[in-house]
Amino acid sequence: MSVFDGLKFRKVYSPIHNLDPRIKFVYVIAIFAVAIVFAQIIPLLFLFVLQVPFVLLARVQRQWLRSLRGAAFLAAFIFIVNVGTSYFYSGYKLTPSAVESAASLTLRFVVLVESFSIFFLTTSPDHLGLALEESHVPYEFAFAFTTAVRFVPVLAEEAQTIMDAQKARGLELEKGGLMKRIRNYVPVLIPLIVSAIRRSLELAEAMESRAWGATKKRTNLYSLKLHKGDYALLALTIGILVAAVYVRLYVPIPTIVHLL
Amino acid sequence: MIEAKDVHFCYANKVEALKGVSLTVKDGEFLAIMGQNGAGKSTFVKHFNGLLKPSSGTVLVDGVETTKTSVAALARNVGFVFQNPDHQLFSETVEDEIAFGLKNFGFQPDAVEKRVTWALELLSLSQYRKTSPFLLSGGERKRVALASVLAWDPKMLILDEPTIGQDHEQKEKLNQFILQLQEQGKTVVIVTHDVEFVAECNPRVVLMKEGKIIAEGVGKEILTNPQALAESSIVLPQIAQVFTKLSSLGFPKNVIDIYEAEKIILNAKESKQLP
């Protein structure tokens, strides 16, 4: 469940945690877009390194590393598939540039995981809901979204209990070939889904018995205001976007293979 | 036989749930582990079938160290019934649900059939054989979960909070059932808060608090020890409470059994101690 750990919010006070979630989200989307635009390894490396100060400032390095470790399997998969395909298509030749392009595609994935991980690690579900509401998303949707985010760790814990219960009945999850292993998870997934549905029905009843949706117009105790740090992040985001567009259009990007 | 020696256990979030627990559960014994929420009861019993491995210390099940074998191998002898049956039910029919463990342990199809029938009868579930477990009531689901473990006839049985959500009649049946298992020489370990249930069954009792064992002994002794119970946030069984209040009249304090209580009161009446 290490992937979930990397997305789990923990209350820490840091300059990054205090940033406005809307601006943070814009930043993440900007990084996302820039990572998609570039397929070369140097700008992607730059993007990767760019986020490290945020992680350190937010003091979430351990959880962040855990989320990267959780993504390692998929990253390795992307790398192998890319190297493999170019190997077969180029007539069974392995060129350094093929390896480099596979590495950059993998790095692109890692950058995406990295930025989303920072966002979710440093943004409380409450803040996120508030941001959605203030962006004029209907409250029902904002609520559904924050509830879903909030229940991820609960479900992860429940999945662990279910796995234990089935292991106690002799289920061996790691046994057999690939298909057998996938089938091994059926006794875990069914109780998990059933209990999630049951839980959501109970939650709906509990909410309605506490007059959820009684007033059409809701007000909030807290409201989001932009501070200095938010403007700084916004400026940085715009700066990254402008620089990315400029580099993409006018600067030829060398590959590592060429540099060597 | 289960032998735990100085077991420490730390969860991934650095919470030390067990701080040096040593306990021996003999073959054929009936043991209740009690204590408040978060005392480490469930964490401790999860070591008995290897679901958790000690951070330090050892747990031996029939002489085999749990770190040196698999959960599946241990589970064949140590049946573990979880608190919430919804954490394990997944099959289309009750019959399939009970057969699941048997198939995992490699029983032959005719043996599976025979044992499923046996387990269904044992827990009076025969009429639900072809029913979906999800359509049953809470108490029935709990019985299906129990049947699905009993089916492979493990030597030792661990029941985590077996009385939660059960009405009085079901508790009575569970008590009878545990006695029946005892007669067959099975080891039964229950984890519970239900002091009245424990008073009625009168097993050996272990009290836990903050990852340590703070008291152990026969039920009659532990359940009438107000200090030890208060430390574990457990109240005395009602009979013991009455007898504690009556102790100024010369009644013994350590009574937890209804029949014993009745006898003492009748004797007192006869000897004119009571009007």
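I looked up B:Glu210 and found it in the loop between β9 (204-209) and β10 (212-218) of chain B. Helices (H or I, at least four residues) and strands (E, at least two) are DSSP runs, numbered from the N terminus. The model is predicted, so I noted that local features need pLDDT of at least 70, that side-chain atom pairs count only at pLDDT 80 or more, and that totals for chains, interfaces and linings use all residues. Residues are numbered from 1 along each chain as its sequence is written, chains are lettered from A and ligands numbered from 1 in the order in which they are written, and side-chain values use heavy atoms, with hydrogens and water left out.

**Entry 1: the glutamates**

I read phi of B:Glu210 as near 45°, a positive value in a residue other than glycine. Is B:Glu210 buried or exposed? B:Glu210 is exposed, at a relative accessible area of 53%. I used these cut-offs: buried is under 20% relative accessible area, exposed is over 50%, and partly exposed is in between (1.4 Å probe, protein chains only).

I then turned to B:Glu161, in the loop between β7 (156-160) and α6 (168-183) of chain B. Phi of B:Glu161 is also near 45°, again positive in a residue other than glycine. B:Glu161 has 6% relative accessibility and therefore counts as buried.

**Entry 2: chain A**

I found eleven helices and zero strands in chain A. The C-alpha trace of chain A spans about 65 × 55 × 30 Å along its principal axes. Chain A has 260 residues, of which 35% count as buried.

I also checked contacts (heavy atoms within 4.5 Å). Among those in chain A between residues at least 6 apart in sequence, 79% join residues at least 24 apart.

How many positive and negative side chains does chain A have? I noted 27 positive and 17 negative, with the centres of the two sets 4 Å apart. Lys and Arg count as positive, Asp and Glu as negative; His and the chain ends are not counted. Each charge is placed at NZ of Lys, CZ of Arg, CG of Asp or CD of Glu.

**Entry 3: a helix pair in chain B**

I looked at helix α3 (residues 94-104) and helix α5 (residues 138-150) of chain B, whose axes come within 7 Å and cross at roughly 35°. Axes are lines fitted to C-alpha atoms, for helices over the stretch in contact, and angles run from 0 to 180 degrees between N-to-C directions. On α3(B) the contact is made by B:Val94, B:Glu97 and B:Ile98, and on α5(B) by B:Val144, B:Ala147 and B:Ser148.
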